[in-house]
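Please look at the structure before going on.

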Amino acid sequence: MSFLEIRNLTATLSNGMPILRDVSLSVAAAEVRGLVGESGAGKSMIGKAILGILPRSVRITRGEIRLDGTDLLALPPAERRRRIGQSCALIPQDPLTALNPSRRVGPQITDRLVDILGWTRSNAEARARDLLAEVQIPEPERVMRSYPHELSGGMRQRILIASAFAAEPKLIVADEPTTALDVTVQKQILKLIAGMQARHGTALLFVTHDLGVVSKVCQRLSVLYAGMVVEDTDVRGFFSAPDHPYSRALLAATPVYTDPEASLTPVPEAVITAVRAEVAAADRRAGRG
Amino acid sequence: MIVLRALLSRLVMTAITLFGVAVIVFVTIRVVPGNPIAMMLPPGATPEDVANLTALYGLDKTIAEQFLIWGQGVLAGDFGTSITTRQPVLDLVLGRLPATLELSIMALVMAMLIGGVAALTGTRLRGTRTEGGIDIANGMALSVPDFLWGLILILLFGVLAPIFHISGRITPSLDLPFVTNFYLFESLLRLRFDLWADIVSHMFLPALALAIPLSAIIGQLLKQSLKETMHLDYITLARTKGYGENHIILREALRNAILPTLTLVGVQFTFLIGGTVIIERLFSYEGLGNMAIDAVINRDLPLIQGIVILFAVIFTGVNLIVDLTYALLNPRLRHA
């Protein structure tokens, strides 16, 4: 049984516009699943739905999000929050805005351990020091006493990664964790996340629009279009022989960095039309017209 | 080092400001119609009497000469003698200052409490009817000026339901052991809770009248910035850690959201002190503002000058305190 099981998850905006259409996917323990799609395809929404941080305008109308067998959506809010805090974590997209500017870094790593998991302060601090060392931050003691504005973007992303692993979560959602970073830093951070994931045996849901990243980090992959999973496959199969026409077009559209002169390939119009028709057909089946 | 230099330049700025205020007040009250000498002499005084008295107070000299003489005295700590009471201005003014300070600070604390609770409740219950109700109450509080609130409060809690005192600073028949004029503070230190209760009962309505408009401003602005803060990434991250809404508002959002409000409170607090002039009159509260009105009515030139200078010192002092608090709360400014 997979640690995370999402079944038939359907969500709409308050005006009734669907943004997740019957999404099903699973992440097994210690597995890394990529979640790719264009912007607006709903990939971040899935991560937010799991972590209970959907915007107020989004309503889940159907489906289940099972963590370790328990459907989160069936739990009362306080209990759901506690369970998510204990077993899940988020690596956010933008390290510059994801740390509280008026709190020191140390407490932002240890607060969950102390407040939610009931650790002693000294244990939590020792744990934070170890983790900061593990993400290759020099002088963890000094960094823990710093304020976020005193640290670089790369440093802050390392801190956020350390913080995500602090409570040994079973599942981490990484929401485009390298998009906001400098290209030279991206590679290091990616390597760091992959290494941490492997050492800690954490299940990872990796939300990205970068297929290159997927090929390096992920074992399985879900391709999203307009809130619908159009392909769910293992990564090796995807890159050698993608099943869905949209996936093939997406793969073809990935720019080749070795040739700066090459022009970008757009996803062909015909493929877009076909996948839209598929979405419409699914909507009709679901009775949404 | 940088802090020291910043402080020094602030002091120089303050000195220039105070000088400017002194010049403006000094000239204005001598140019506007109304003669203190005429008010002091009995009917039927001869022109010689007028000339003698005018010379006695130095009012026969040019304004520039008068300013120089007065300025020299001020630098030596002598603000002159009140024309009406014939007591040193400095003693009079400093004797009344504690009453006004206590009233303004009590009003400020009330405004922050009311405004803070309104903002936090509104943020916690955002999008509900309660938030709408808080917005309406804020709008009402803001659209009525402080002296009208004073009148309303007098009618409600002084006349219709006489719960509080509406006149004076303390019940005159009480035996007063005070050595300072900080009655509220000293009664607490002396553990005379009977006196303290009496003083609070006198101060409550005027302080509330001053506090209501300010509390609405604080409530509105703080709620606005809290709600904006609640959308930020670090708040979302804190939610995934398992924290509830109350913890997130108080421990994650408040400290960042309060900064713009704090700047505004500094500016508004000086307005509040200005408001004490009318409010003290309304409640016959023996503070600086009440004294200022008497001084103007009696054309007591040295006293008016002293009071205005003191108000200016308070205003610049408040601004300095706000800047320091701001730096203390916002780590990004500490080294700047």
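The dialogue below takes the sheet and then the loops.

Residues are numbered from 1 along each chain as its sequence is written, and chains are lettered from A, with ligands numbered from 1, in the order in which they are written. This is a predicted model, in which local features need pLDDT of at least 70, side-chain atom pairs count only at pLDDT 80 or more, and totals for chains, interfaces and linings use all residues.

Q: In what order do the six strands of the open sheet in chain A lie?
A: Strands (E, at least two residues) and helices (H or I, at least four) are DSSP runs numbered from the N terminus, and two strands pair if DSSP finds at least two bridges between them. Here the order is β6-β7-β8-β3-β9-β10 in chain A, with mixed pairing. Because β6 (88–91) and β10 (228–234) of chain A each have a single partner strand, one side of each is left without a neighbour in the sheet.

Q: In which sense do β7 and β8 of chain A pair?
A: β7 (residues 171–175) and β8 (residues 203–207) of chain A pair in the parallel sense over five bridges. A:Ile172 stands opposite A:Leu204 of β8(A).

Q: Where is B:Leu191 found, and is B:Leu191 buried or exposed?
A: A residue is buried if 20 or more other C-beta atoms, placed from the backbone, lie within 10 Å of its own, exposed if 12 or fewer, and partly exposed in between. B:Leu191 is in the loop between α8 (183–189) and α9 (193–229) of chain B. B:Leu191 is exposed, with 9 other C-beta atoms within 10 Å.
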